[in-house]
Amino acid sequence: MSPDDFLNLLQTHVESFGKAVATEEGEWIIKGFIDVYRNIYSISVDTKIVSKVLELLLFPMFVEFAVKHGLRTELSPQQNFYPDLTFIDEKTGNKFAVDVKSTYRVDDSTVNGMTLGAFTGYFRNRSSNKNIKYPYSEYGGHYVLGVIYTKCDEAADERKQFTIGDLEKIPSVIRDFQFFAQPKFRIASTQPGSGNTKNIGSVSKIAELVYGVGPFAKLGEEVYDDYWMFYLTNDMAKTLDITRPYMDWQSYLAYKERGIDALREHRSEIVAYADDKPVGEEEEE
């Protein structure tokens, strides 16, 4: 199974994900947490809580997807490990990484955004096993299964307590789900996620997320890798005591163009110099 084949199958399957999380009216099927005395406590609209519960609801759908297409599913061994799910083709052994990400609508065309994983650690050292199921380079593709929803802030009141008999009266705290699946690089932005994190940020326009037309989409994954493998935050640059080489799209372009004309003009000399390979380390005087 090729990376394109996997993506096409995943994009087709996500069309059925709505039934796993929402009623016919579009409301979230989760109403709260229940205790042994059958008391129901309202769920929070906190994004971390919502994201985790959504993951739990979707896992059976992923298992169904894997069985249908001859894939083996492996979950992240620990919290904060990448990715959430690893799919392995039973025939070829090809691996595909899928992270489940969710975000809420800010308006009809924009979401709050999402983080797409670290741009340090295993992302840069692609043979590393630290905080990742398999080394990054062993995956044939890196994908995001995205969930977009609308928050119902007026319905969220964590102080409220209900009983089983109140189930139909309990309001849902989120609704109107939209699912998408895209390669990570196609929905990445040129800025980190919120705060001073070392995580790649996503684009925030819904159309760019759903159709995978972010700033790296046309330029390709190689440019995405190059941009984020060498990106430095302010704190990272201060620690190294250097000036940030670039911080956005325009400064990245200027950085890559710096000296390129001279290099092209002297290409033949550079190629000739490349033949003079050192035979060993020079001794210090």
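Helices (H or I, at least four residues) and strands (E, at least two) are taken here as DSSP runs and are numbered from the N terminus. The structure is a predicted model, in which local features need pLDDT of at least 70 and side-chain atom pairs count only at pLDDT 80 or more, while totals for chains, interfaces and linings use all residues. Residues are numbered from 1 along each chain as its sequence is written, and side-chain values use heavy atoms, with hydrogens and water left out.

The chain holds 10 helices and 11 strands, and its C-alpha trace spans about 85 × 45 × 40 Å along the principal axes. Of its 285 residues, 43% count as buried, where buried means under 20% relative accessible area, exposed means over 50%, and partly exposed lies in between (1.4 Å probe, protein chains only). If a contact is taken as heavy atoms within 4.5 Å, then residues 24 or more positions apart account for 65% of the contacts in the chain with a separation of 6 or more. The chain exposes about 16,700 Å², of which carbon and sulfur atoms supply 50%; accessible areas come from the Shrake-Rupley method with a 1.4 Å probe, and for residues only the protein chains shown count as cover.

I40 lies in strand β2 (residues 39-42) and counts as buried because its relative accessibility is 5%. Which residues does I40 touch, not counting those up to four places away in sequence? The list comprises K31, G32, F33, I34, K160, Q161, F162, T163, I164, L167 and I170. With T163 the separation along the chain is 123 residues, yet the C-alpha atoms of I40 and T163 are separated by 5.5 Å. W228, in helix α6 (residues 221-229), has a relative accessible area of 0% and is therefore buried. Leaving out residues up to four places away in sequence, W228 touches F119, F123, R124, S189, T190, Q191, P192, I200 and F216. W228 and N199 are 29 residues apart in sequence, and their C-alpha atoms lie 9.5 Å apart in space.

The charged pairs come next. A salt bridge is a side-chain nitrogen of Lys or Arg within 4 Å of a carboxyl oxygen of Asp or Glu, and by this rule the count comes to 11 salt bridges. In one of them the side chains of R175 and E27 meet at 3.4 Å, N to O. This pair links distant parts of the chain, with R175 in strand β9 and E27 in the loop between α2 (18-21) and β1, 148 residues apart. R175 is partly exposed because its relative accessible area is 23%, and E27 is partly exposed because its own value is 28%.

R126 forms a salt bridge with D225, the closest N and O atoms being 3.1 Å apart. Since R126 lies in the loop between β6 (115-118) and β7 (139-151) and D225 in helix α6, the pair ties together parts that are 99 residues apart in sequence. R126 and D225 are both buried. Helix α6 also supplies D226, which pairs with K256 of helix α8, so that parts 30 residues apart in sequence are tied together; the closest N and O atoms of K256 and D226 are 3.0 Å apart. K256 is partly exposed, with a relative accessible area of 40%, and D226 is partly exposed as well, at 21%. Salt bridges that share partners also join E27, K31, R175 and D176 into one network.

Some details of the backbone also deserve attention. D176, a member of that network, is found in strand β9 (residues 174-183) and has a positive phi of about 55° although it is not a glycine. D241, likewise not a glycine, has a positive phi of about 60° and sits in the loop between α7 (234-240) and α8, where its 70% relative accessibility makes it count as exposed. A cis peptide bond with omega of about -10° joins Y82 and P83, and P83 is placed in the loop between β3 (71-75) and β4 (85-89).

On the surface, F33, Y41 and I49 form a nonpolar patch with about 250 Å² of accessible area together. Patches are made of residues with over 30% relative accessible area and no salt bridge, like charges being joined within 9 Å and nonpolar side chains (Val, Leu, Ile, Met, Phe, Trp, Tyr) within 5 Å. F33 is found in strand β1 (residues 32-34) and is partly exposed, with a relative accessible area of 43%.
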